[in-house]
Amino acid sequence: LYRNMNVTLIFLQNTNLKNISVTLCTKFIFVAFSSLGELQPVLFVVFLAIYTFTVLGNLVIIFLIWVSPSLHTPMYFFLTNLSFLEMCYITSVVPQLLVHLLVEPKTMSVSRCAAQMYIFTILGLTECCLLAAMAYDRFVAICYPLRYTLLMGPRVCLQLAVASWTIGMVVEIAQTTWIFTLPFCGTGKIQHFFCDIMPVVKLACVDTSQNEIVMFSVSVLFIMSPCLLILCSYARILIAILRMPSAAGRHKAFSTCSSHLLVVSLFYGTALFTYLQPKAAHTPDTDKATALMYTVVTPALNPVIYTLRNKEVKGAFWRIARRHPLNQAA
């Protein structure tokens, strides 16, 4: 009897394992904007226009900084990094979204989903750190103007940029790898338009409470820490600006920070809302709406913010435009 019970138990275990292996997901199906039906081609045109504008706008910023010696300063070194990062950031999501707007079913293999999440999360955390480095640069420029060239030399700027990229890669490679060690089962249907963290974790067929605690802790540590550094920097900047004797000096100092402060508000506003709320608070509609803000809208606004609100960048643009052969001929 004991032997028969063991044989039965082994048979049931093998049967369960076989059933589990059959139901494991090999690909994900994205709901995306399928409910909008005939409006999807319209969305395709809109998102394609935004994507083209974003890439071209950031390329123009990088080109202007590269060819203009007057813009070879720490602030614009970080802006070059940010523009390059924003191009990669939106490219990690929007091209796949454009394809899914035109085809049915909207599928992606698990390996491609993992690759997208690796790239997207690395770039997102790197941007958090890079925005903190830019805030530190503004803090030194306004609070310690006489020591600015010493404190923010080329070597220091390079170290801050490398540290931002290194933190982003190390942390998010570890976190994303952990996520994709989970077994995913069921229909594999994702109520989203790309492989974001929480919609993918919801598909796991095991208890993910420990993963969620770790992911929440990582978000608090590596999203809130740069945010706190930015807040501390701007608190000191505000105090320094208020102590300036002339109104013109206060206006000039504030204008050098306003563009960066606006970008920080847009980026962190959506990031904190998305990644620091509990799992129960996530709904497909709110997730998609906030994701559109930080994957499509914010990267598109950055070139506008850093050109229309920046006299030095606009000046560099018009200087180069005047040297164009057509303008000289005219």
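## Overall make-up

A residue counts as buried when its relative accessible area is under 20%. By that cut-off, buried residues make up 45% of the 330 residues in this protein. The model is a predicted one.

Helices and strands are both present: 13 helices and 3 strands. Take the contacts with a separation of 6 or more: 80% of them are between residues 24 or more positions apart.

## Annotated spans

UniProt, in an unreviewed entry, places the feature "transmembrane region" at eight spans of the chain, listed here in order: 20-36, 42-66, 78-103, 115-136, 156-174, 213-239, 260-277 and 289-308. These positions come from the record, and such annotations may be inferred rather than shown by experiment.

Two of the spans can be checked against the model. Residues 156-174 are 100% helix and 0% strand. The end C-alpha atoms of residues 156-174 are 27 Å apart. Residues 213-239 are also 100% helix and 0% strand. Here the end C-alpha atoms lie 37 Å apart.

## The sheet

The strands form an open sheet of 3, in the order β2-β1-β3, with mixed pairing. The edge strands are β2 and β3, since each pairs on one side only.

Start with β1, which covers residues 27-30. One face of β1 is covered and holds Phe 28 and Phe 30.

Now the partners. Strand β2, residues 107-109, runs antiparallel to β1, and 3 bridges join the two. Across this pairing, Phe 28 stands opposite Met 108, and Ile 29 stands opposite Thr 107. Strand β3, residues 189-190, pairs with β1 in the parallel sense over 2 bridges. There, Phe 30 stands opposite Ile 190.

## A cis peptide bond

The peptide bond from Glu 104 to Pro 105 is cis. Its omega is near -5°. Pro 105 is found in the loop between α4 (94-100) and β2.

## A buried threonine

Thr 126 is found in helix α5. Its relative accessibility is 0%, so Thr 126 counts as buried.

What does Thr 126 contact, leaving aside its neighbours within four places in sequence? The partners are Leu 85, Ser 164, Trp 165 and Gly 168.

## The largest pocket

Rolling a probe the size of a water molecule over the atoms shows where empty space is left. In this model, the largest pocket holds about 840 Å³ of space. It is lined by 28 residues. Nearest the centre of the pocket lie Met 75, Arg 138, Lys 252, Ser 255 and Thr 256.

Which helices each supply at least two residues of the lining? They are α3 (74-91), α5 (110-143), α10 (247-275) and α12 (311-322). The largest share, 9 residues, comes from α10. By class, the lining has 13 nonpolar, 9 polar and 6 charged residues.

Key:
Residues are numbered from 1 along each chain as its sequence is written. This is a predicted model: local features need pLDDT of at least 70, side-chain atom pairs count only at pLDDT 80 or more; totals for chains, interfaces and linings use all residues. Side-chain values use heavy atoms; hydrogens and water are left out. On a 1 Å grid over the protein atoms alone, a cavity is a set of points where a 1.4 Å probe fits but cannot get out, and a pocket is an open set with protein on both sides within 12 Å along at least five of seven lines; lining residues have an atom within 4 Å of a point. Grid points are joined across faces, edges and corners, and a volume is the space filled by probe spheres set on the points. Helices (H or I, at least four residues) and strands (E, at least two) are DSSP runs, numbered from the N terminus. Ala, Val, Leu, Ile, Met, Phe, Trp, Tyr, Cys and Pro count as nonpolar, Asp, Glu, Lys and Arg as charged, and the others, Gly among them, as polar. Buried means under 20% relative accessible area, exposed over 50%, partly exposed in between (1.4 Å probe, protein chains only). Two strands pair if DSSP finds at least two bridges between them. Contact means heavy atoms within 4.5 Å.
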